[in-house]
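Morning, everyone. Let me put the model on the screen, and then I'll walk you through the fold.

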Amino acid sequence: MKKSPRYLAMPPVQIDLALIKQLTSSIHKADVLGKFSTEDINKLTKHMVAVTVAEGEAIYVEGEPADYMSMLITGKLIVLKETQKGKSRQIANILPGRTVGEMSMVDGKAHSATVVAGQKSTMVILSQGAMTALIDEHPRLGANLLRNLAATISLRLRSTNNILAQYLD
C-alpha cells in the first residue's frame, strides 16, 4: 500500500498575497525558481501547497519514497545523512529560497537523506502530479522549471564531486 506524502499531514497555510510576496522575495535567491517573472510565479503558486513545519519535524526521511519537492520560505531546514555505521550526520543547512527533494520528484526513487526543520518553517510544495498539470497548462513555464531543476541537480552533483575529489588524494 502506498504511503501518503508527509506534507499532507502538515498544517496548511493559505497562499495569499503576503505569502506570495515572501515567496517572490525568496525566489530571487532560489536555485530552481530564481529566473521566473512575477506572472510565472503566480501561475506556479496555483499548483503549489504551502505548509508549516514544527521544529524537529521530518519533511523527508532517508529511504522513503516521495514525489514532491519543497522550497523553504521562512525558517531553516537541516539535511542529515545516515553513515554506514548507522549514525546520523548533518551535511547541510537549507535557508529560505532554497529547494529540497528535487531528485526524488524527478526520478521517483527513495530519498537519499533526511530533512528536518531546524526551526518552525514555512514551505511551498510542488508535487509530481502538480508539475505534470503545470506542464500541460503552461508548457513554456514547465519547460523552464524542468531546465532549472536539471541545472540545480547538476550544480549540486558538481559540488559533491569537488568535495569527493578532496578525499581521493
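First, the terms for the sheets: two strands pair if DSSP finds at least two bridges between them. Strands are DSSP runs of E with at least two residues, helices are runs of H or I with at least four, and both are numbered from the N terminus.

Now the caveats. This is a predicted model, so to speak of a local feature we need pLDDT of at least 70, side-chain atom pairs count only at pLDDT 80 or more, and totals for chains, interfaces and linings use all residues. Residues are numbered from 1 along each chain as its sequence is written, and side-chain values use heavy atoms, with hydrogens and water left out.

Start with the five-stranded sheet. It is open, with 5 strands in the order S1-S2-S9-S4-S7 and antiparallel pairing. Its edges are strand S1, residues 12-13, and strand S7, residues 99-100; each pairs on one side only. Look at S4, residues 68-74, and S9, residues 121-127. They run antiparallel and are joined by 6 bridges. Serine 70 sits opposite isoleucine 125 of S9.

Next, the other sheet. This one is open too, with 4 strands ordered S3-S8-S5-S6, again antiparallel. Strand S3 (58-60) and strand S6 (88-94) are the edges, each pairing on one side only. On average, neighbouring strands here are turned by 35 degrees against each other, direction ignored. For that angle, axes are lines fitted to C-alpha atoms, for helices over the stretch in contact; angles between N-to-C directions run from 0 to 180 degrees.

Walk across it. S3 and S8 pair antiparallel over 2 bridges. Alanine 58 has valine 116 of S8 as its bridge partner. S5 and S8 also run antiparallel, with 4 bridges. There, leucine 77 stands opposite alanine 117 of S8. The S5 and S6 hairpin has 5 residues between its strands, and glycine 86 takes a positive phi near 85 degrees in it.

Is strand S8 buried on one face or on both? A term first: buried means under 20% relative accessible area, exposed means over 50%, and partly exposed lies in between, with a 1.4 Å probe and protein chains only. In a regular strand, side chains alternate between the two faces of the sheet. For S8, residues 114-117, both faces are covered: Thr114 and Val116 are buried on one side, Val115 and Ala117 on the other.

On to aromatics. Rings of Phe, Tyr and Trp (its six-membered ring) pair if their centres lie within 6.5 Å; planes under 30 degrees apart are stacked, over 60 edge-to-face, the rest tilted. The count is 1 aromatic pair. Tyrosine 60 and tyrosine 68 make it, stacked, at 5.1 Å centre to centre with 25 degrees between the planes. Tyrosine 60 is buried, at 1% relative accessible area. Tyrosine 68 counts as buried, also at 1%.

Now helix H5, residues 139-166. Buried residues in H5 are Leu141, Gly142, Leu145, Asn148, Leu149 and Thr152. What covers them? The cover includes helix H2 (38-45), S4, helix H3 (102-107), S9 and helix H4 (128-137). Contact, here and below, means heavy atoms within 4.5 Å.

One more region. Glycine 63 lies in the loop between S3 and S4. At 49% relative accessibility, glycine 63 is partly exposed. Glycine 63 and alanine 110 are 47 residues apart in sequence but 4.9 Å apart in space, C-alpha to C-alpha. Leaving out residues up to four places away in sequence, glycine 63 touches Ala110 and His111. Serine 104, in helix H3, is buried at 4% relative accessible area. With the same exclusion, serine 104 touches Ala66, Lys109, Ala110 and His111.

Totals to finish. The protein has 5 helices and 9 strands. Of its 169 residues, 41% count as buried. Among contacts with a separation of 6 or more, 77% come from residues 24 or more positions apart.
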